[in-house]
Amino acid sequence: MSSLLINPASESDEKFLVKLLKKLHIPVTIVSEEDKLDYGLLKAMLESENDDLVPEERIMKILHKNNHPS
């Protein structure tokens, strides 16, 4: 089964969605910005598994996509 990643616009929206999903008996896992960044870097490493290095351009693209200061 696949998963959904939802980015609520505010903390109150997040609380509302979590409460609603729990009421519907749908499991909820909160993923931090750092977790999302780690996932992106892991994905880049796995895609480049046969290479010696992950290209710096690929890492920088992921960092900028996640608004992470480099």
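1. The accessible surface of the chain amounts to about 6,500 Å², and 56% of this belongs to carbon and sulfur atoms. Of the 70 residues of the chain, 11% count as buried; buried means under 20% relative accessible area, exposed over 50%, and partly exposed in between (1.4 Å probe, protein chains only).

2. The model is predicted: local features need pLDDT of at least 70, side-chain atom pairs count only at pLDDT 80 or more, and totals for chains, interfaces and linings use all residues. Residues are numbered from 1 along each chain as its sequence is written, and side-chain values use heavy atoms, with hydrogens and water left out.

3. The secondary structure consists of three helices and zero strands, in the pattern α-α-α along the sequence. Helices (H or I, at least four residues) and strands (E, at least two) are DSSP runs, numbered from the N terminus.

4. The largest pocket holds about 690 Å³ of space. Of its 21 lining residues, Leu4, Leu5, Ile6, Val28 and Thr29 are the closest to the centre. Helix 1 (11–23) and helix 2 (33–47) are the elements that give two or more residues to the lining, and helix 1 supplies the largest share, four residues. A pocket here is an open set of points on a 1 Å grid over the protein atoms alone, where a 1.4 Å probe fits, with protein on both sides within 12 Å along at least five of seven lines; lining residues have an atom within 4 Å of a point. Grid points are joined across faces, edges and corners, and the volume is the space filled by probe spheres set on them.

5. The lining of the largest pocket divides into 13 nonpolar, five polar and three charged residues. Ala, Val, Leu, Ile, Met, Phe, Trp, Tyr, Cys and Pro count as nonpolar, Asp, Glu, Lys and Arg as charged, and the others, Gly among them, as polar.

6. Leu20 has its place in helix 1 and is partly exposed, at 36% relative accessible area.

7. His25 lies in the loop between helix 1 and helix 2. Its phi is near 60 degrees, a positive value in a residue other than glycine. Most residues other than glycine have a negative phi. His25 is exposed, with a relative accessible area of 72%.

8. Gly40, in helix 2, counts as buried at 13% relative accessibility. The C-alpha atoms of Gly40 and Ile59 are separated by 8.7 Å, the two residues being 19 residues apart along the chain.

Definitions and conventions
Accessible areas come from the Shrake-Rupley method with a 1.4 Å probe; for residues, only the protein chains shown count as cover.
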